[in-house]
Structure formats: C-alpha cells, structure tokens
Amino acid sequence: MNLKVKIANLEFKNPIITSSGTYGFGREYGEYIDLNKIGGIATKGLTLLPRHGNPPPRIVETSSGILNSVGLQNPGIDVFLNKDLPHLKKNYDTAIIANAAGSTLEDYCGIVEKLSNSDVDAVELNISCPNVKQGGMSFGSTPKSVAEVTKAVRKHCKKPLIIKLTPNVTDIAEIAKAAESEGADAVSLINTLLGMKINIQTRKPELKNNFGGLSGPAVKPVAVRMVYQVSKAVKVPVIGMGGIETADDAIEFMLAGASIVSIGTANFMNPIAPIEVLDGIEEYLKDSKLDDIHDIIGKVELY
Amino acid sequence: MMKSINKCKLLNKTQLTRDVFSLTMENKNIAKTALPGQFLNVKCGDDRSIILRRPISINDVDRAKGTFTIVFRVVGKGTKILSEYERGEHLDIIGPLGNGYDISSANEDSKIAIVAGGMGVMPVLFLAKELKEYDVDIFLGYRDKDDLMLVNEYRKYSSNVYVATDDGSEGYSGFVTDLYKKHLNFNDYTHVYACGPKQMFLSLKNVLEDTQKNIDNCQISLEEKMGCGLGACLTCSCKIKVKNEDGFEYMRVCKDGPVFKLGEVIFE
C-alpha cells in the first residue's frame, strides 16, 4: 500500500503531520508516541529574535474548540538551529517543517534565508501575523500581500516552500492562487479563525489578549470547505487541517483535496491521535480495496 | 521507554462539601511515581465537545496499595462530569505531570510551614504526608466553616494544624496568612510550602518581606489555564524573574512548574 506523498522533491512517508504551535519541537509528545511513525512535524512558529508572547490567560475552552492567544512565544531562530533542530535530526526520521513568522518583509526574508541554509526539510510561512508596516493587517489577508511575501521569500528559499493560509479572508481560493503564482510549492490551511469569549461575571474577555484563534472540531466544516475550494483553484499540493481528531475527519479532508493532513488541537486530549488517524486511514484504504493514498485525494463528487 | 496514558479504576468517591469531591483510584504507575505538588491531566467523560483535559493536583498517594486520590471543586462542565463517575468505572489520565515541591533539603532539623488557602488545601495533603516525620506546622484557610475539608486528614500528619476562616465561623478569624504571620513571632521556618490563590501568595510575600524572612525558602504552586499539559503548546505561561535583558521569561506552569520559588514569580 502506498501512503507516500510529495511536496516538490520532498517525500513524506505518510500523509500525517502535526500542526505548528500545538507540538513545540516534538520533545514532549515524543515521549508518548514514536515520531518516526508519522510523516512530519511542523515546528512552533519561529521568529528572528526570541519572543515572549502574550500575557496569560492564553487559552479558553469553547464548545468543541479552544481559543488561544499564545502570541508566537518562541526562543528565536538561533536557539532552534543550535539546539532543537539538531535534537530532532539526531533522534527522528520524519520530515521537519520549520514554521516561520515575521513582522516585515525583511524579517521573513531573513528567517527564511537562515532556514534555507539549515537541515530543515521544508519551510512553512505563517502569514497570519500582523504586518507592522501596513497598519497591522496580516500579510495573509489580501492576494496582493500574499503574492508580495511569497515572491520575496521564494528568492531566499532553496527548500520546499509552504504558505500557511489564514481563513479570515473573503476569498481563500484567490489567496491560494496568489501564493502559487509566486512559486509556493504547497499551501497549508486553515490557520485559526479569529474569535472572542466574554466572561459574563467579570464582564471581561476570557483571554488577556481579548481576541484569540479558534481551533478544534468547531472549525472543521469551514476548513473542509476551504480545502475543497483551494484544491480546485491550485495545482500545488494542499495540506489540510482544522479540527481533525479521527481518521474519518482526515479522510474528509483528503477527499476534499488535501494530500497531507495535520493534527493539532486533538493532541491535547489524545496524544496518540496522529497514530490512530494513520492506522484508520490504512484500514479505510484496505476496506475500500484501494492501495494508494492518491486514490482518495480530491475524490469528492459534488452534486 | 514511552510514557502512556493511564487507565485508572475508581475505587471510592466521597463528597467533602457542597461542591468538593474526592476520588480514589487505582493505578500502579501513578501511585509509584507521583511526587507531592504534581498534577494529573484528567479526561472528563466521553463528550466530544469537551476539548481539554482538566488539570487536577494529586491529593494523596498510597504507594503500597497502588492507589491515589484527587480532590476537586465542581466549577464547570468538565468537573461536573468528573463528579458523576461511579465506582468501578475507569478514568483516562495523563501524568504525573509537573515538577512537584522540592523537599530534598528538608530534614529532622528543619522547621517547616505548610500554608494553604481555599482550593490550595487539596494538593498539599500529599506533601504533609511525605514530611510527617519532620517538625511541620500546617496552616489551612477556608471561607467559612461549611467550606472545611480534610482537616482531620492533616491532623494525621502533624499535631500542629491551625485553621483560619475568613468569617471567623471556625478557628482563627481572618486570612490564613495573618494566622501564619502570628506564628512568625515565635518561629523561624527554614522551609515554607504554600498553595492557594494569587491573592494569598501576594499576602504571603508581604508577610515574609515585612518580617524580613528569607523569601527564597518559600515554594509556591501556581495555577494557569492549560492546553496540552505537557509543555508543548505554551498556553499556561507564567512570568518568572531571570537574568536576561528583559528581566523575565514566560515559563510553563505544567512543565517548569507548577512549583516555583515565591521570590522568582512576577505577579501581574
């Protein structure tokens, strides 16, 4: 049975990866599952300089979801390259996708340059960050700014380049096309949906940052719809994520057009989720008498 | 050696006050490895709309029997479901997690104080048990006499258990930190272990500073809303003083804590 999928010249042993921000650099979850069994891990979002992140509370549970406002706390690219990446490369045989963020085009180019010269297997660009030079709107919010940032970093990136799309836009297909047009090797979606929860006793938001990103099963229908629309609009592979807990969820995303699926929030309740999803996909293929994962990618039939 | 998720059989359930429950469960791994001050990340039922486990401190451990106890207050959806488990059912628990209290320097010559307020009374019983051979004064603070719980359990491990209630309906009238302050007049504690709400820690800090006691001898257990509970997601951060450019770093309550030195925590 073939479960291998490719992004540019990078081959994933299977279509399961874990989502940036939920998994750190794999150290903690690596004590609960064998990371060699999954296709890859997307690291915590990295910035050129270390970031403290937002003041707590940074998380609140909502119905079938969570809101988070971590604020990209990370040790900075240099600590990652000197400490966390060697640890990952030494101990695990799985694709390491470095997630990178920035506030300006210069930041993005700077960090991608460093990652491109390192041992990471791919670079995933987080463009949900507010663009400080353009009044705080995120780079990912218009096709024009997505094209601009993709074009700028493409020059610096020898590795497969994945653009991670924010769903907080009007037309996700146009956004994806803009990324593809400037050389993205793949797109990943969805990042979190912007949300808010108010405590009616204190009359204040539950998050200290007031707003946060919604993830978990609540977002899955939005994510599946967007993966479908994007996969019809672009030719590059699509990484799908957003509320995947079970193999059934993952298969939905693959039928919608995802070549790779990513599990994030589900790990909190169930550290074994990535393995269960992988096993379930294999079982589904066996039961359907199929022997290649590509037999289900993009195979949904609309009415 | 991979860590695994623990399946724990519920042996006994007791209601301690109007909204506080005690669950005693069987699991050899947890009973064997748990340290005082550590917590467990508990799955509450099978309702799939509940996305997060609930982090609950370990109240007691019986290493010989292979059992452990958690005590918790029902504050929302998850803890409500937790209070409805019946004997014989199994719970799905990740842990033990966190660093626990450092008792390595405590010995027969030490004079130890345990200061606990409100929900903080639940986790330090295990600590009191581990320190029972030493000279320990235990200070427990409650809202009122209906809130009292575990006092007799504490009396098993120390003959000096002092109770305070905010409204004076039982024991000393006032905050537990005021009661503790009185005892500072004639005691020099070498070790102080505290657990309770943020306000209690701030009061404790003031008391220690006012009486010029060494704040470094005091360890506190912090609480923060958690995500993964393992140290990966960085949602349960707390501000800790470090020698760097900014003077602080956000550390993880679930992994670097929950126990920190009182002097190194920056309260906002």
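A:Lys220 is buried, with a relative accessible area of 14%; buried means under 20% relative accessible area, exposed over 50%, and partly exposed in between, with a 1.4 Å probe and protein chains only. The model is predicted: local features need pLDDT of at least 70, side-chain atom pairs count only at pLDDT 80 or more, and totals for chains, interfaces and linings use all residues. Side-chain values use heavy atoms, without hydrogens and water, residues are numbered from 1 along each chain as its sequence is written, and chains are lettered from A and ligands numbered from 1 in the order in which they are written.

A:Lys220 forms a salt bridge with A:Glu252, and the closest N and O atoms are 2.6 Å apart. The pair links distant parts of the chain, with A:Lys220 in helix α5 (residues 220–233) of chain A and A:Glu252 in helix α6 (residues 247–256) of chain A, 32 residues apart. A salt bridge here is a side-chain nitrogen of Lys or Arg within 4 Å of a carboxyl oxygen of Asp or Glu. Helices (H or I, at least four residues) and strands (E, at least two) are DSSP runs, numbered from the N terminus. A:Glu252 is partly exposed, at a relative accessible area of 35%, whereas A:Lys220 is buried.

## Salt bridges in chain B

Over all chains, the structure holds 28 salt bridges. One of them joins B:Asp19 and B:Arg73, with 3.3 Å between the closest N and O atoms. This pair also links distant parts of its chain: B:Asp19 is in the loop between β1 and β2 (20–26) of chain B, B:Arg73 is in strand β5 (residues 67–73) of chain B, and they are 54 residues apart. B:Asp19 is buried, with a relative accessible area of 18%, and B:Arg73 counts as buried at 11%. B:Asp19 and B:Arg73 are linked with B:Arg143 and B:Asp147 in a network of salt bridges.

Another salt bridge is formed by the side chains of B:Asp135 and B:Lys111, at 3.1 Å from N to O. B:Asp135 lies in strand β8 of chain B and B:Lys111 in strand β7 (residues 111–117) of chain B, so the pair ties together parts that are 24 residues apart in sequence. B:Lys111 counts as buried at 18% relative accessibility, while B:Asp135 counts as partly exposed at 34%.

## The barrel of chain B

Chain B contains a closed barrel of six strands, in the order β1-β2-β5-β4-β3-β6, with antiparallel pairing. The twist averages 45° from one strand to the next; axes are lines fitted to C-alpha atoms, for helices over the stretch in contact, and angles run from 0 to 180 degrees between N-to-C directions. Strands of a sheet pair through backbone hydrogen bonds, either parallel or antiparallel. Two strands count as paired if DSSP finds at least two bridges between them.

Strand β1 (residues 6–15) of chain B and strand β6 (residues 90–97) of chain B run antiparallel and are joined by four bridges. In β6(B), B:Ile93 is the bridge partner of B:Asn6. Strand β6 of chain B also holds B:Pro96, and the peptide bond from B:Gly95 to B:Pro96 is cis, with omega near 5°.

## Backbone exceptions

Most residues other than glycine have a negative phi, and most peptide bonds are trans. In chain A, the peptide bond from A:Pro56 to A:Pro57 is cis, with omega near 0°. A:Pro57 is found in the loop between β4 (40–42) and β5 (59–62) of chain A.

A:Asn210 is not a glycine but has a positive phi of about 70°. The residue is in the loop between β13 (204–205) and β14 (212–215) of chain A, and A:Asn210 is partly exposed, at a relative accessible area of 35%. B:Leu150, also not a glycine, has a positive phi of about 65°. B:Leu150 is in the loop between β8 (135–142) and α4 (151–155) of chain B and is buried, with a relative accessible area of 12%.

## Overall form of chain A

Chain A has eight helices and 16 strands. Its radius of gyration is 18 Å, close to the 19 Å that the globule rule gives for 303 residues, so chain A is as compact as a globular protein of that length. The radius is taken over C-alpha atoms, and the globule rule is 2.2 Å times the number of residues to the power 0.38. The C-alpha trace of chain A spans about 50 × 50 × 40 Å along its principal axes.

Of the 303 residues in chain A, 57% are buried. Among contacts in chain A (heavy atoms within 4.5 Å) between residues at least 6 apart in sequence, 70% join residues at least 24 apart.
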